[in-house]
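Good morning, and thank you for joining. I would ask you to bring the structure up on your screens, and we shall begin with a strand inside the sheet.

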Amino acid sequence: MQISRRSLLKITGIGVLLMGNLPRVAFAARNALKSMRTGVQPGNKSRLVIETVARPSYTLSYPQNQLVVSLANTPANQSIRAKLADGSLVKSVSQVQMGDRLQITANLTKNIGQIPKNQIMVLEPNGDNDYRLVLDFAAGTPISIAADTTPAKVTSQKRIIVIDAGHGGKDPGCIGKAGTREKTVVLAVAKKLKNKLDAAGFKTYLTRSTDVYLKLGERAAIAERRKADLFLSLHANANPSRSVKGFSIYTLSEKASDEEARKLAEAENAADKIDVDGFEQFSKDIRIALSSLQQHAVAEMSEEYATGCSKSFRSASITQQPGPGVRHAPFAVLRSTVPGALLELGHLSNAAEEKLLSSDAHQNKLVNAIVKSVKGYNFDV
Ligand SMILES: [Zn+2]
């Protein structure tokens, strides 16, 4: 399925809110329900699709064995019955009018946990379809909200960040004129970042905490295994021209945004040429688990993070490499279902930045800017 993420997919929901904590927002346009269906997705996931004539404004909640979707400014229409697919967690779907909201309840065979943001999509109209709210979910631990009448806390869950120090072991990455190795600098920054993010209330994991070589696919697999909310791959850059300096932030795209980005991805991906086997197997597994729609949702979220990160660096007066604040290229390490970015922290090929990158003070400055960007990233909406 070929879909341009810009034209077809935007994550626009008000967000994942809990029962008893629904926002009161005035909407000008009235909406109408058009169809409902369920489906089964790879990886034991069930899918609920709600089609509406206008862009849906919705909230989600998760009572026992139910998924409740509340649509703003939408009248009930009992003539519309959900088409139920065999093998999904959804047994039946019912509608009820709640003031000006339409409450759609999917009765499930099992409890589900809060649906992660990257598995909630709003698709723009195309062909015969109008707007579609697409929710993918699997059986899991429910969040405890049932008997609580006070507004539930959404922030009780710690957000998980996987920090990837690029290169390592037999792969030094790029090397500065004074001999500074990329693998050493980024590991030092990764460790500092872990400490600060832990202190800020995040749960973090490092892909490597020592000078070891890890395949790119393994790094991405760690993010998957840890069920990370965000994946940050730390690197330092090199340029044939020693005068080039500054940071740049990258997200995954199969097509590079510019020639420089394409070359960089080629250079970073070359790490796997040192030890090729293993990646193919991994990427095959991931490909099966990924629907292309999900990939687009992940791309949107990564873009959002990267834009905030680039801003945070600039506001900390860290020099930006001339060009766009966020660029795109096919980095193998970013191929996963976890939103994330590859951060080129500066240029080791530039003498002044090589010095900066190896200094404690500058490393702390970089870390503070990244922490700020993570705190500013909206994990929920
Ligand atoms: Zn690198």
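Strand β13 is covered on both of its faces: Ser248, Tyr250 and Leu252 are buried on one side, and Ile249 and Thr251 are buried on the other.

Which strands pair with β13, and in what sense? Strand β15, residues 340-347, runs antiparallel to β13, residues 248-252, and three bridges join the two. Within that pairing, Tyr250 has Leu342 as its bridge partner in β15, while Ser248 is partnered by Glu344. With β14 the pairing of β13 is parallel, over four bridges. There, the bridge partner of Ile249 is Val326.

Let me now widen the view to the sheet. The sheet is open and has six strands, in the order β11-β10-β12-β15-β13-β14, with mixed pairing. At its edges are β11, residues 203-206, and β14, residues 326-329, each of which pairs on one side only. From one strand to the next, the twist averages 25°.

Two helices deserve mention here. Helix α3, residues 216-225, lies across β10, β11, β12 and β15, and runs at about 165° to β10. Helix α4, residues 259-269, packs on the sheet as well, where it touches β12, β13 and β14; the direction of α4 makes about 60° with that of β14.

I turn next to the nonpolar core. The largest such core has 86 residues, and those with the most contacts inside it are Leu67, Val189, Leu232, Leu234, Phe331 and Ala341. Helix α6, residues 292-315, gives the most to this core, with eight residues. Domain 1, spanning 5-137, and domain 2, spanning 160-376, each supply at least three residues to the core.

Is Lys158 buried or exposed? Lys158 is exposed, because 12 other C-beta atoms lie within 10 Å, and a residue counts as exposed at 12 or fewer. Lys158 belongs to the loop between β9, residues 131-137, and β10, residues 160-165. Leaving aside neighbours within four places in sequence, Lys158 is in contact with Gly201, Phe202 and Lys203. The C-alpha atoms of Lys158 and Lys203 are separated by 6.0 Å, although the two residues are 45 places apart along the chain.

Finally, a word on confidence. The mean pLDDT of the protein is 82, and 82% of its residues reach 70 or more. Over residues 142-156, however, pLDDT stays under 50, and the model has 19 contacts beyond four places in sequence for that stretch. Residues 285-290 also have pLDDT below 50, with eight contacts in the model beyond near neighbours in sequence. Where pLDDT is low, the predicted coordinates should not be read in detail.

Thank you; I am glad to take questions.

Definitions and conventions
Residues are numbered from 1 along each chain as its sequence is written. This is a predicted model: local features need pLDDT of at least 70, side-chain atom pairs count only at pLDDT 80 or more; totals for chains, interfaces and linings use all residues. A residue is buried if 20 or more other C-beta atoms lie within 10 Å of its own, exposed if 12 or fewer, and partly exposed in between; C-beta atoms are placed from the backbone. Two residues are in contact if their C-beta atoms, placed from the backbone, lie within 7 Å. A nonpolar core is a set of buried Ala, Val, Leu, Ile, Met, Phe, Trp, Tyr and Cys residues joined through C-beta atoms within 7 Å. Domain bounds come from an automatic or database domain assignment. Two strands pair if DSSP finds at least two bridges between them. Axes are lines fitted to C-alpha atoms, for helices over the stretch in contact, and angles run from 0 to 180 degrees between N-to-C directions. pLDDT is the predictor's confidence in each residue, from 0 to 100.
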